[in-house]
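Notebook open. I go through the strands, then the helices, then the rings.

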Amino acid sequence: MKDRFDYGQNPEKTGGGELISSYACDHQTADAEFLLSKAKYKAATGREQRRDADVLCYQIRQSFRPGEITPEEANRVGYETAMRWTKGNHAFFVATHTDRQHIHNHIYYNSVSLDCTRKYRDFWRSARALRRLSDRVCLENDLSVIERPKLHSKGRFLHYGQWVGERPPSAKQRVRLAVIDALAQKPGDFGAFLSLMEQSGFTVTHGRGGVISLLAPGQEKPTRLRASTLGEGFDPEDIRAVIAGERPAPELPQDTPPPRRVGLLIDIQEQLKNGKGPGYARWATIYNLKQRAAALQYLQEYGLTEYKQLAASTGAAVDRVHALGEELRQTEEALSRTARLMAATVAYAKTRPVFDGYKAARYSKKYLAAHEAELADYRAAKAELGDLLGGAKLPKMEEQKRSRRTLTEQKKALYAEYRRAQREMREAVAVKANIDQLLGMAERQEKKAQER
């Protein structure tokens, strides 16, 4: 099990370990935690299976179409799939690998439940049920699925790389197209614009806080009309500005993120030793030429004429990602603390009258028996407030809400910047690795290490 976990958590495959998320366990010690839960299960139930029939953990592999999803989104989709498959009753962690052309997840979940009283049992056609759940999660996130998987002669499904098909526009892209088409018809006001959207087949819904959502024909999940979902220029305020003639109509963004510009060079001789044929060698030769040209273009674009400049630029890109990651982590912690503070404040306000009644009743046992649950909630909320405030004054609820809104916007901005920085870092690291290979530096360093 440890060997499998080490493979899944390989830093070279998971972006230095950044693309790993876990639930009810620490991914670095998951093997020990899973074994401990097995021992607790045996002690609690007295049941023990044969050694050859005992399953310690299960693994799910989930792949995505190349160029369709970012590594961070893939990890989030994998986490959601694992949570819905285990129903939150089993510890798991998700490792997202980016070392292949297609981003994919390795999901490991404990066979023993969190309360150590049950074990997961595989059932008839569980693989089919898992595939249907994964497809559902992907469709909810506007991702491709294999709609009609064909069978091999041996009865197995085609693997993802063999599936070829045209993907229709996503729900978000259909909304963007409809918005641009409606604005081209010069509506008189925002209400007329929404009427045009309804005439084109969309269902317009108005939610809390003035949120507007559009349900595309044939879709189950509505799409919010806002810039953070559809891109710059698609916010209701932007659309009102277009109608008023204050700004041009928004441009249609690409439906999928652009592929990585530079990839790592392939060691053709090593691949030939591993059994690859002449056809692969011809393809790899052309591929390497393209990557060298892309690396040269990168150096020219950023004016990197010396190796020291390239090394310094790559180091700065890596440091920037680490700094943004730390800032994002701190912001998420502050946001989590604010959410906990708001929940504790509400719970305290609701249960304080019960405690006042208990106090007025001179701590009557009869009163305590009648309101035991509410008093327990009061004590828990008071203890939570004490831990979070540390003696400081409790801020007003309006101030807490304002702080949460500010932190949420800050997190969104940081996350977008963090993703851009990650793309730039990966490109810089790939360019440097290719230059190192071309200059033979890696080989010389290895030779020096052997001589030592």
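**Sheet.** I started with S4, which is covered on both faces: His-104, His-106, Tyr-108 and Asn-110 on one side, and Asn-105, Ile-107 and Tyr-109 on the other, are all buried. Buried here means under 20% relative accessible area, exposed means over 50%, and partly exposed lies in between, with a 1.4 Å probe and protein chains only. Seven of the seven residues of S4 are buried.

Two notes on the source. The model is predicted; local features need pLDDT of at least 70, side-chain atom pairs count only at pLDDT 80 or more, and totals for chains, interfaces and linings use all residues. Residues are numbered from 1 along each chain as its sequence is written, and side-chain values use heavy atoms, with hydrogens and water left out.

Element names follow DSSP runs, numbered from the N terminus: helices are H or I with at least four residues, strands are E with at least two. I then looked up the strand order. It is S1-S3-S4-S2, an open sheet of four strands with antiparallel pairing. Two strands pair if DSSP finds at least two bridges between them. S1 (20-23) and S2 (57-63) stand at the edges with a single partner strand each, so one side of each has no neighbour in the sheet. The twist averages 15 degrees from one strand to the next.

Next, the bridges. S3 (residues 92-97) and S4 (residues 104-110) run antiparallel and are joined by six bridges. I noted Phe-93, whose bridge partner in S4 is Tyr-108. S3 and S4 form a hairpin, with six residues between them. S2 and S4 also run antiparallel, joined by seven bridges. There, Gln-62 has Asn-105 of S4 as its bridge partner.

Which helix lies across S1, S2, S3 and S4? I found H3 (residues 71-86), running at about 150 degrees to S3. Axes are lines fitted to C-alpha atoms, for helices over the stretch in contact, and angles run from 0 to 180 degrees between N-to-C directions.

**Helix H8.** What does the buried side of H8 pack against? Its buried residues pack against H5 (171-184) and H6 (190-199). Contact means heavy atoms within 4.5 Å. In H8 (residues 236-243) the buried residues are Pro-236, Asp-238, Ile-239, Ala-241 and Val-242. Just after H8, I noted a positive phi of about 80 degrees at Gly-245.

**Asp-267.** This residue is found in the loop between H8 and H9 (268-273). I read 42% relative accessibility, so Asp-267 counts as partly exposed. A polar atom of the Asp-267 side chain lies 3.2 Å from the backbone nitrogen of Glu-270. I also checked Thr-285, 18 residues away along the chain: its C-alpha atom is separated from that of Asp-267 by 9.7 Å.

**Thr-229.** I found Thr-229 in H7 (residues 227-230). It is buried, with a relative accessible area of 17%. Its side chain makes a polar contact of 2.9 Å with that of Arg-226. A polar contact is a pair of N or O atoms within 3.5 Å; within protein, one must be able to donate a hydrogen and the other to accept it, and residues adjacent in sequence count only if both atoms are side-chain atoms. Leaving aside neighbours within four places in sequence, Thr-229 is in contact with Lys-172, Arg-176, Thr-223 and Arg-224.

**Rings.** How many aromatic pairs does a search of the whole structure find? I got 18. Rings of Phe, Tyr and Trp (its six-membered ring) pair if their centres lie within 6.5 Å; planes under 30 degrees apart are stacked, over 60 edge-to-face, the rest tilted. The Trp-85 and Tyr-120 pair is tilted, because the planes are at 55 degrees, with the centres 6.4 Å apart. This pair links distant parts of the chain, 35 residues apart: Trp-85 is in H3, Tyr-120 in the loop between S4 and H4 (126-140). Trp-85 is buried at 13%, and Tyr-120 is buried at 14%.

The rings of Phe-190 and Phe-193 have centres 5.6 Å apart and planes at 35 degrees, so this pair is tilted as well. Phe-190 and Phe-193 are three residues apart in H6, about one helical turn. I read 11% relative accessibility for Phe-190, buried, and 0% for Phe-193, also buried.

I also noted a cluster, in which ring pairs link Phe-5, Phe-34, Phe-93 and Tyr-108.

**Charges over rings.** The criterion is NZ of Lys or CZ of Arg within 6 Å of the ring centre and within 35 degrees of the ring normal. The charged end of Arg-240 sits over the ring of Phe-190, 4.0 Å from its centre. The charged end of Arg-4 sits over the ring of Tyr-7, 5.2 Å from its centre.
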